[in-house]
Amino acid sequence: MAKNSKWQDDYWLLLMQIYLQKPVGVKSMYSRGMIDLCMELHIAPNLLFNKMGELANLDTPRIEHLWETYGNNPRKLARAATLWREMRGFNNADAFYQGVETSESFEKDFKPVAEGLTLTPVMLILILDLYFRLTPITMVKDTPEVQELARLIKVSAPEVVEVLETFQYCDPYLKRKGEPAAHLIEPCKQVWRRYGNADTEELVSFASQLKDYFK
């Protein structure tokens, strides 16, 4: 049984709040607000993005009523959303769902790859995208592209370089020997298996969308 696997009408309130954030309108699939809500509701980003499209298009009488009730009254919307969150799980959702099997998929991509680390699979995906744009000799902390990505994902340039170097051990064309970073090799292998051998253009497109999460 997956926790919160089905859409509930009350979720429209939370989604409408994000829609009404400036600039008002449909938000990108991987924007911070959308992903935070995905994590809260355990709903995949593409599904929540589709729901936002329904919200924008007033697809149902229920949605039309929501707009009539809350569209021009953000304070009323905020109160309703706050009340729902307080009532959810009797004000303690974790305790309410204790013992219920949780199905996680996309959520793991936004959580640290290991305890004590800040790097997440999403960050590794962005670094892999950069990996294919550089050559090994330019995978150093002084390379502008390395510094730019480090600033975006809020880690140090040496941390980005460490991941780039670890990906070199995953790259079958390099046949790199030696001792890769022990704490990174398995997470990097997992990301490489997912995207390293896929269509480069697909990775470029996905990475471009993921950058919205860090902006």
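Which does Arg193 count as, buried or exposed? After that, please look closely at helix 2 (residues 32-41).

Reply: This is a predicted model, in which local features need pLDDT of at least 70 and side-chain atom pairs count only at pLDDT 80 or more, while totals for chains, interfaces and linings use all residues. Residues are numbered from 1 along each chain as its sequence is written, and side-chain values use heavy atoms, with hydrogens and water left out.

Arg193 counts as exposed, at 53% relative accessibility, where buried means under 20% relative accessible area, exposed over 50%, and partly exposed in between (1.4 Å probe, protein chains only). Arg193 forms a salt bridge with Glu186, the closest N and O atoms being 3.4 Å apart, and Glu186 is partly exposed, with a relative accessible area of 37%. The term salt bridge stands for a side-chain nitrogen of Lys or Arg within 4 Å of a carboxyl oxygen of Asp or Glu, and a search of the whole structure finds 7 of them.

Turning to helix 2, which spans residues 32-41, helices here are DSSP runs (H or I, at least four residues) and strands likewise (E, at least two), numbered from the N terminus. The buried residues of this helix are Met34, Ile35, Leu37, Cys38 and Leu41. Seen down the axis of helix 2, they fall within an arc of 160°, so they line one face of the helix, the arc being that of the directions from the helix axis to the C-beta atoms. An α-helix has 3.6 residues a turn, so residues three or four places apart point the same way. The cover over the buried residues of helix 2 includes helix 1 (11-20), helix 3 (45-56) and helix 5 (74-87), with contact meaning heavy atoms within 4.5 Å.

Glu40 lies in helix 2 and Arg85 in helix 5, so the pair ties together parts that are 45 residues apart in sequence. Glu40 is partly exposed at 22% relative accessibility, and Arg85 is partly exposed as well, with a relative accessible area of 36%.

Beyond the end of the helix, His42 follows with a positive phi, near 60°.
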